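Subject: Handover of a structure

Dear colleague,

Please find below the structure that I am passing on to you. My notes on it follow directly after it.

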Amino acid sequence: MKLLLALLVLVSTATVTADPPRPRIAGLAHVGLFVHDVEKARAYYRDLLGYTEVFPVRNDDGSLRLTYFKVNDRQYIELFPERAVGTDRLAHVAFETDNAEALRQYLKAKGVAVPDKVNKGRIGNTAFTVKDPDGHIIEFVQYEPDGMTVKESGKSLGTDRVSPVMRHAGFLVGTLDASMTFYRDLLGFRETWRGSRDGTTLDWVNLQMPDSEDYIEFMLYRDLPAEHARGSQNHLCLVVPDITAAAATVQARAPKVGYSRPVEVRTGVNRKRQLNLFDPDGTRSELMEPQTIDGKPTPSSAAPPPVRAGR
């Protein structure tokens, strides 16, 4: 009897002290970007890429706080007026979850610095933010039934969209081990590919989200680029079924927008055809076909990660 009671106490204690389970991470929700000239940025995302602007949010004085461009019912590109000239254009990256408060509690239990509570945003969704090992602001957002995202489902999905899916967000990562601990071990992301330009140093690591086809791309570096020069590394990826057709669409729209950069289709190291476009602040929009040129997976690189300068 005493043994049974002892076992019951142990089970009860384990139940109380066990870490909470991790809620679902259902995909890439949005990428937030700082822009210098809002009107020029609007022309790029609206007139070149074909996305509809929705949910503009204003400050108390009537100035623009942020605005959204709708990729699909669950994905957006957010634009914020810049806080300072020449700074990093990446504001934050957001992932969708089905329970923001439970995810906050889960991360808190794992020792991650989290806010004291989740907040309901200006368009009615519940969210909170943390910082990853490189200091990137990562937002977790839960779409609420009374929020604008859900209420406007099925609307503002024009036929002019160059792509209906934002498949990944890429951002600079300086210490691979710390980022793997955060995204893989804590959040449940799964590594799918590693790539190298020259075979001697690792350049990219892709990690797929646990409950989605969406993924993130670590852009590894030895020397951190200056803030004004990070737009090619900190990027978003839009999937297109036919890159040649997408390039033709962009070329036809370019004169109206004043887009003068080259529109060139190339094959990446991952052996997928892609087209790199750049907004007025230099942030890259990578248009990419979902499959490799021959339909076969591209092997991962075994090259070591770069050793950061000064380390």
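**Strand 4 and its partners**

Tyr-68 has Glu-78 of strand 4 as its bridge partner. This is a predicted model, in which local features need pLDDT of at least 70 and side-chain atom pairs count only at pLDDT 80 or more, while totals for chains, interfaces and linings use all residues. Residues are numbered from 1 along each chain as its sequence is written, and side-chain values use heavy atoms, with hydrogens and water left out.

Strands here (E, at least two residues) and helices (H or I, at least four residues) are DSSP runs numbered from the N terminus. Two strands are said to pair if DSSP finds at least two bridges between them. Strand 3 (residues 64-72) and strand 4 run antiparallel and are joined by five bridges; they form a hairpin with two residues between them. With strand 1 (residues 25-35), strand 4 pairs in the parallel sense over six bridges, and Val-35 has Pro-81 of strand 4 as its bridge partner.

Is strand 4 (residues 75-81) enclosed or open? Six of its seven residues are buried, so strand 4 is largely enclosed by the rest of the structure. The word buried stands for under 20% relative accessible area, exposed for over 50%, and partly exposed for what lies in between (1.4 Å probe, protein chains only).

Eight strands make up an open sheet of mixed pairing, in the order 2-3-4-1-5-8-7-6. Strand 2 (52-58) and strand 6 stand at the edges with a single partner strand each, so one side of each has no neighbour in the sheet. Strand 2 runs antiparallel to strand 3, to which five bridges join it, and Thr-52 stands opposite Lys-70 of strand 3.

**Phe-34 in strand 1**

Phe-34 is located in strand 1 and counts as buried, at 12% relative accessibility. Its C-alpha is 6.0 Å from that of Ala-91, although 57 residues separate Phe-34 and Ala-91 in sequence. Beyond residues up to four places away in sequence, Phe-34 touches Phe-80, Pro-81, Glu-82, Arg-83, Asp-88, Arg-89, Leu-90, Ala-91 and Asp-281; contact requires heavy atoms within 4.5 Å.

**Nonpolar cores**

A nonpolar core is a set of buried Ala, Val, Leu, Ile, Met, Phe, Trp, Tyr and Cys residues joined through side-chain atoms within 4.5 Å. The largest one has 63 residues, and those with the most contacts inside it are Ile-77, Phe-95, Leu-107, Phe-140, Tyr-183, Phe-218 and Leu-287. Another core, of 15 residues, lies apart from it and includes Val-54, Phe-55, Val-57 and Tyr-68.

**Helix 2**

At the start of helix 2, a side-chain oxygen of Asp-37 reaches to within 3.1 Å of the backbone nitrogen of Glu-39. The buried residues of helix 2 (residues 38-48) are Val-38, Ala-41, Arg-42, Ala-43, Tyr-44, Tyr-45 and Leu-48. Gly-50, with a positive phi near 85°, follows helix 2.

**Asn-125**

Asn-125 lies in the loop between strand 6 (119-120) and strand 7 (126-131). This residue is buried, with a relative accessible area of 6%. Which side chain does that of Asn-125 meet in a polar contact of 2.9 Å? The partner is the side chain of Thr-149. A polar contact is a pair of N or O atoms within 3.5 Å; within protein, one must be able to donate a hydrogen and the other to accept it, and residues adjacent in sequence count only if both atoms are side-chain atoms. The side chain of Asn-125 also reaches the backbone nitrogen of Glu-144, at 3.2 Å.

**The largest pocket**

A pocket is an open set of points on a 1 Å grid over the protein atoms alone, with protein on both sides within 12 Å along at least five of seven lines; lining residues have an atom within 4 Å of a point. Grid points are joined across faces, edges and corners, and a volume is the space filled by probe spheres set on the points. The largest pocket has a volume of about 1,000 Å³. It is lined by 37 residues, of which Phe-80, His-92, Thr-129, Ile-137 and Glu-139 are the closest to its centre. Strand 4 gives the largest share of this lining, four residues.

With kind regards

Note on methods:
On a 1 Å grid over the protein atoms alone, a cavity is a set of points where a 1.4 Å probe fits but cannot get out, and a pocket is an open set with protein on both sides within 12 Å along at least five of seven lines; lining residues have an atom within 4 Å of a point.
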